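Subject: Structure handover

Hello,

Here is the structure I promised to pass on. Please open it first, then read the notes below.

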Amino acid sequence: MAGGKMKKDKPQRGSSAAGAASNPHFQGGISFHKSKGQHILKNPLLVDSIVQKAGIKSTDVILEIGPGTGNLTKKLLEAGKSVIAVELDPRMVLELQRRFQGTPLSNRLKVIQGDVLKCDLPYFDICVANIPYQISSPLTFKLLAHRPLFRAAVIMFQREFAMRLVAQPGDSLYCRLSVNTQLLARVSHLLKVGKNNFRPPPKVDSSVVRIEPRGPLAPVNFKEWDGLVRICFNRKNKTIGSIFRQKSVLSILEKNYRTLQALQLTEKAPSDDMEMALDVSTLGDLSMDDDGNDDDDMEMDDGDAKRADFKEKVLAVLKEGKFEEKRSSKLAQADFMHLLSLFNKAGIHFS
């Protein structure tokens with residue numbers, strides 16, 4: 001509803017109001033497309049619960065993403081000062097405008113038609129949304145990169161994605177997404193939502209999560225941070241020592257090391273909060289999943305003197321921090337921060 005590509009619907013032969021009424025994926029004559037993530041909340045008690053748990057103030061400007069036909073929108077308008085609704089589907093935009101036209105709520109609703117991942121978001125105090133699940137990761141990090149900081153986001157996610165967001169070290173779902181999100185925000189699970197609360201029902205259950213941005217941002221280069229975390233979680237159940245002995249990993253790090261040496265560059269931390277925020281969106285690229293399979297997973301041999309020296313340099317860092325036998329799946333934020341600082345002190349960088 002709020003993100004992804006929209007295709008024009010081709011008219012069907014023999015289509016009619018009667019045909020629409022017989023289809024369970026229609027509401028008010030509008031068909032919902034599951035392929036586009038259009039799953040409308042139909043349980044009014046659930047809508048009330050989400051609004052109540054959001055902790056909306058009467059002075060809040062609320063951002064809603066993917067409002068659909070406005071079931072949640074109505075409750076948000078009643079709770080806050082105003083609602084800015086971002087909707088991709090022009091049919092839903094018209095339905096939303098039609099629903100509130102001529103009501104006392106209409107002058108407090110602003111509808112933006114467009115892809116939420118591509119449009120510039122205005123100021124808002126709190127985000128409350130039931131989003132298309134295929135945009136979960138990029139949307140989460142777009143929100144966390146938004147300035148000025150908002151107070152909280154209360155978002156419906158696919159349940160497994162939600163549990164990855166809140167996972168802690170040692171949990172089976174603890175992953176790069178967990179580490180990167182929790183670097184930037186406090187994340188908590190609010191409630192589980194069964195698939196039958198939607199029309200049409202999705203294939204999986206959902207969960208509502210609360211995300212509260214941390215401020216100020218951690219003093220870390222986010223590209224460097226994600227470079228390290230990406231390597232560690234590509235083999236999260238292997239020891240850190242085993243991961244950093246891999247030929248592919250050492251090759252990348254040595255290339256960075258030699259390049260920086262040649263250019264005589266010194267790594268500089270971002271100068272202010274806004275500059276750091278620009279890098280936050282890089283954390284949302286989950287193209288390399290946990291425990292992925294690289295073709296080149298061999299440990300580097302010691303045949304070349306320069307390569308052997310660099311390998312020893314890397315392993316010395318791990319030994320200094322006592323990371324050789326530790327596993328990514330058990331490391332906390334502070335551990336990754338310490339490991340990154342040790343590598344950087346040795347002149348080894350990840351971006």
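The chain exposes about 17000 Å², and carbon and sulfur atoms supply 51% of that area. Accessible areas come from the Shrake-Rupley method with a 1.4 Å probe; for residues, only the protein chains shown count as cover.

Two notes on reading the model. It is predicted, so local features need pLDDT of at least 70 and side-chain atom pairs count only at pLDDT 80 or more, while totals for chains, interfaces and linings use all residues. Residues are numbered from 1 along each chain as its sequence is written, and side-chain values use heavy atoms, with hydrogens and water left out.

Overall fold. The chain has 13 helices and 11 strands. These are DSSP runs numbered from the N terminus: helices are H or I, at least four residues, and strands are E, at least two. Of the 351 residues in the chain, 51% are buried. Buried means under 20% relative accessible area, exposed over 50%, and partly exposed in between (1.4 Å probe, protein chains only). Take the contacts (heavy atoms within 4.5 Å) with a separation of 6 or more: residues 24 or more positions apart account for 75% of them.

The cores. A nonpolar core is a set of buried Ala, Val, Leu, Ile, Met, Phe, Trp, Tyr and Cys residues joined through side-chain atoms within 4.5 Å. The largest one has 68 residues. Leu63, Ile65, Leu143, Phe157, Phe244, Phe336 and Phe343 have the most contacts inside it. Helix 8 (residues 222-233) gives the largest share, seven residues. This core lies between domain 1 (34-213) and domain 2 (219-266 + 304-350), because both give residues to it. The domain bounds come from an automatic or database domain assignment. Another core, of 27 residues, lies apart from it; Ile62, Leu76, Met156 and Leu191 are among its members.

Helix 7 (residues 176-184) is mostly covered, with nine of its nine residues buried. Among them are Arg176, Asn180 and Gln182.

Annotated positions. An unreviewed UniProt entry lists His39, Leu41, Gly66, Glu87, Asp115 and Asn130 under "binding site". UniProt positions are given in the numbering used here, feature names are shortened, and annotations may be inferred rather than shown by experiment. His39 is in the loop between strand 2 (30-31) and strand 3 (40-41). His39 counts as buried because its relative accessibility is 11%. Gly66 sits in the loop between strand 4 (61-65) and helix 3 (71-79). At 4% relative accessibility, Gly66 counts as buried.

Best wishes
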